[in-house]
Amino acid sequence: MNESKTAHHLVVSNLAKSFSASPEALTVLRDVSLELSAGESLAIVGPSGSGKSTLLQILGTLDRPDHGMVNINGVNPFELDESELAQFRNQHVGFVFQDHHLLPQLSVLENVLVPALASGNSSSEHQSHACELIESVGLAERQNHLPSELSGGERERVAIARSLLMRPSLILADEPTGNLDRNTADTVSELLLELQQTSGAILIAVTHSDKLADSMQYRKELLDGQLV
Ligand code: ADP
Ligand code: MG
């Protein structure tokens, strides 16, 4: 394990992002700044189309800002070359998407192990950590099942386990409970927060659920390209 990952810290300053769509450019993010430390959690709310997913994509280093800076544990990922960036993302960022993005042909265990396989050095430590995570999301009995054999809430729990496999500094969740009924959503929210607290990672979740937003430490709204 990488010792330097224990003091997780995220600094985001003055992010701006536009999309050049005809007839005119669409400015989505104008000036977004935030700072979070290990174990802290931020809920981002805001109307559809306000740029929440765009912001998460940039924080997850999947897209680049036009201006501004992202710094994760002292590293500006946008200064890395493409292969270093892919490795950095793999080591530091865990993603949980609304529609879980599980691979349908892989079992629960294999899906949770995907980030380790992607890193190119999957180890027995990853294997045992994957089993631990699957157990902690309550799916120990289901680890050889395919995603199609699971309920929506169970699939989302697999996605949460997968996001934690590499012991990320930052967990980014985009409407993690958006497709779930209320009871299932509450269970999944509690699990996400509990595992984030245990791991010490920073959690940023985009959500329409007041319940999830209220159970997180900070809450901000994305309005007119700014966090308020
Ligand atoms: P939210 O997640 O808050 O609903 P998004 O970040 O998905 O909002 O999108 C914000 C705005 O940016 C929307 O108007 C969307 O159509 C636009 N947008 C997002 N991605 C792109 C893209 N790759 N190219 C052009 N426009 C985009
Ligand atoms: Mg979105």
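# A guided reading of the predicted model

The buried residues of helix α2 pack against β4 (67–72), β5 (93–96), α3 (108–119) and β6 (170–174). Helices (H or I, at least four residues) and strands (E, at least two) are DSSP runs, numbered from the N terminus. Contact means heavy atoms within 4.5 Å. Helix α2 covers residues 82–92, and its buried members are L85, F88, R89, N90 and H92. Here, buried means under 20% relative accessible area, exposed means over 50%, and partly exposed lies in between (1.4 Å probe, protein chains only). At the start of α2, a side-chain oxygen of D81 comes within 3.1 Å of the backbone nitrogen of S83.

This is a predicted model, in which local features need pLDDT of at least 70 and side-chain atom pairs count only at pLDDT 80 or more, while totals for chains, interfaces and linings use all residues. Residues are numbered from 1 along each chain as its sequence is written, chains are lettered from A and ligands numbered from 1 in the order in which they are written, and side-chain values use heavy atoms, with hydrogens and water left out.

The largest nonpolar core has 37 residues, and V112, V158, I160, L165, L203 and M216 touch the most other members. A nonpolar core is a set of buried Ala, Val, Leu, Ile, Met, Phe, Trp, Tyr and Cys residues joined through side-chain atoms within 4.5 Å. At least two residues of this core come from each of β3 (41–45), α3, α4 (124–136), α5 (152–164), β6, α6 (182–199), β7 (202–206) and α7 (210–214). Helix α6 gives the largest share, 6 residues. Apart from its neighbours within four places in sequence, I160 is in contact with V96, V188, L192 and L195. There is also a second, separate core of 27 residues, which includes L34, L59, V93 and L170.

Which residues surround ligand 1? They are F19, L26, V28, P47, S48, G49, S50, G51, K52, S53 and T54. A residue is near a molecule or strand if one of its heavy atoms lies within 4 Å of it. By class, this shell has 4 nonpolar, 6 polar and 1 charged residues. In this classification, Ala, Val, Leu, Ile, Met, Phe, Trp, Tyr, Cys and Pro count as nonpolar, Asp, Glu, Lys and Arg as charged, and the others, Gly among them, as polar. Strand β2 (25–37) and helix α1 (52–59) each supply at least two residues of the shell, and the largest share, 3 residues, comes from α1.

A polar side-chain atom of K52 is 2.8 Å from an oxygen atom of the ligand, and an N or O atom in the side chain of T54 is 2.6 Å from an oxygen atom of ligand 1. For G51, a backbone N or O atom lies 3.0 Å from an oxygen atom of ligand 1. The protein covers 57% of the 570 Å² of accessible area that ligand 1 has on its own. Such areas come from the Shrake-Rupley method with a 1.4 Å probe; for residues, only the protein chains shown count as cover.

The loop between α1 and β4 holds G60 and T61. G60 counts as buried because its relative accessibility is 0%. Leaving aside neighbours within four places in sequence, G60 is in contact with R89, V93, F95 and L172. T61 is buried as well, with a relative accessible area of 2%. Its phi is near 65°, a positive value in a residue other than glycine. Most residues other than glycine have a negative phi.

A positive phi, near 50°, also belongs to R167, in the loop between α5 and β6. R167 counts as partly exposed because its relative accessibility is 30%. S169 has its place in the loop between α5 and β6. Is S169 buried or exposed? S169 is buried, with a relative accessible area of 1%. A polar contact of 3.4 Å joins the side chains of S169 and H8. A polar contact is a pair of N or O atoms within 3.5 Å; within protein, one must be able to donate a hydrogen and the other to accept it, and residues adjacent in sequence count only if both atoms are side-chain atoms.

Strand β4 contains N71, whose side chain reaches the backbone nitrogen of G74 at 2.8 Å. N71 counts as buried because its relative accessibility is 18%.
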